[in-house]
Amino acid sequence: MEGFGLVLVIVLGVVFVILATAKFNLHPFLSLLFGAFFIGILAGMPLANVVEAINGGFGGLMGGIGLVIVFGTIIGVILEKSGAALRMAEVVLRFVGEKRPQLAMSLIGSIVSVPVFCDSGYVILSSLKKALAKKTGVTVASMAIALSTGLFATHTLVPPTPGPIAAAGNIGAEDYLGTVILFGLIVSIPAIITGYIWAMKAGTKIEIEDNEEEDYDYDEIIKGFGEMPSTFKSFAPIIVPILLIGFSSVITFAGWSGNLFDFFLFLGSPVVALLVGVLFAFLLLPKFDQETLTDWVGVGLKDAAPILLITGAGGAFGSVISSTSIADLIKGLAGSELFTGALFIFIPFIIAAALKSAQGSSTAAIVITSTLIAPLLPQLGVEGAVPLSLVVMAIGAGAMCVSHVNDSYFWVVKEFSGMSITQAYRAQTMGTLLQGIVTIVVTSILWFVFV
């Protein structure tokens, strides 16, 4: 099948994935696989080629980033259970000062969400947020918005969070992960600031009715956790892998050679760097026994499983699309204004935003969008570290828009902050919309300057 008929089949396949996930609550893993078979068969591909494309797409993506995702989730679980996340929060609070508690919560959230899922991060830091609000005399809503938007910014933009890693793998940027991290950190700053400003503007006007009997005392919460890890041990599992990956990118860019540089290139490969992060995370374990070495790690593997399956299914979905004659059609469109210049960067943003709003999961939106646009990129000459990294940023920006009732994170923020649904819409939904808009504006500017 070629031409308009092929485009229609692909569009119907995407619509099927959205409806199956959002309307009928089918898991994105099965939605993507069924969608892949749907497109391959209706597009007229030989049945053996459909199976080959699905197996190749699934396995190829897992071979590139599967272990990276697993190691990242293990680090996140250990940071959560060892108290390292609270230690990081305490250090940031001391650095920023108690006179700016909302800014402290934004920064705390943005750091914790790099290895920890934003849902889990919000739960971990919820009691700390309420205690700090009470101690400093600010509204709980302002602290809730600051924390939720801080967590959300890095969750969609900065590896080793699974979504951005999956996007990088899907579009062929897994070898440029250091550049993706660099741009993720740069682009996330305006997103974090936007969330902080919204917390100060809207959050201070939202009064949450306090129906809880529990008394939140900041000092008691910190003391009650027991002896927490040191600052170095708490930050090392995140900072060390990022530094290793970043230094590896510098070596590659500079063209340095020699045994020492080869060794650092080895350490800076994403799989090895994240494995080093796991080893540093082991320093946080209170003891070495079955509970920590088996059960805690097992929780990390369990958390990684759905992300791995969705990511692999996304790879299969994209592989089937790439195996059709869509590339020939794209060549014919490549000269149009829509697909050239700074306007191109808005295409992945719009697709991701539509998927996010329709089915709720930011990670699923990132994975699906990256598989959809992957065949476009080679035909349009979008290649290399910087352009591909900015495509990941555009996808992440779209995956912010917006968090509402079909998003589990929306309900976590609402329930653990005590807001009503109307207040949560005003706080969380509007906050994430503003973050997404600011992020795509910043990304388009960077695209215009560097690409």
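Buried, in these notes, means under 20% relative accessible area, exposed means over 50%, and partly exposed is in between (1.4 Å probe, protein chains only). I'm working on a predicted model, where local features need pLDDT of at least 70, side-chain atom pairs count only at pLDDT 80 or more, and totals for chains, interfaces and linings use all residues. Residues are numbered from 1 along each chain as its sequence is written, and side-chain values use heavy atoms, with hydrogens and water left out.

**Thr194.** I looked here to begin with. Thr194 counts as buried because its relative accessibility is 14%. I found Thr194 in helix α9 (residues 177-201); helices (H or I, at least four residues) and strands (E, at least two) are DSSP runs, numbered from the N terminus. Contact means heavy atoms within 4.5 Å. Leaving aside residues up to four places away in sequence, Thr194 touches Leu434, Gln435 and Val438.

**Around α2.** Next I checked Asn25, in the loop between α1 (3-22) and α2. Its phi is near 60°, positive although Asn25 isn't a glycine. Asn25 is exposed, at a relative accessible area of 65%. Buried residues in α2 include Pro28, Phe29, Leu32 and Ile39. Just after α2, Gly44 has a positive phi of about 85°.

**Cis bonds.** I noted a cis peptide bond from Pro159 to Pro160, omega near 10°. Pro160 sits in the loop between α7 (140-157) and α8 (162-170). The bond from Cys401 to Val402 is cis too, with omega near -10°. Val402 is in the loop between α19 (385-398) and α20 (408-417).
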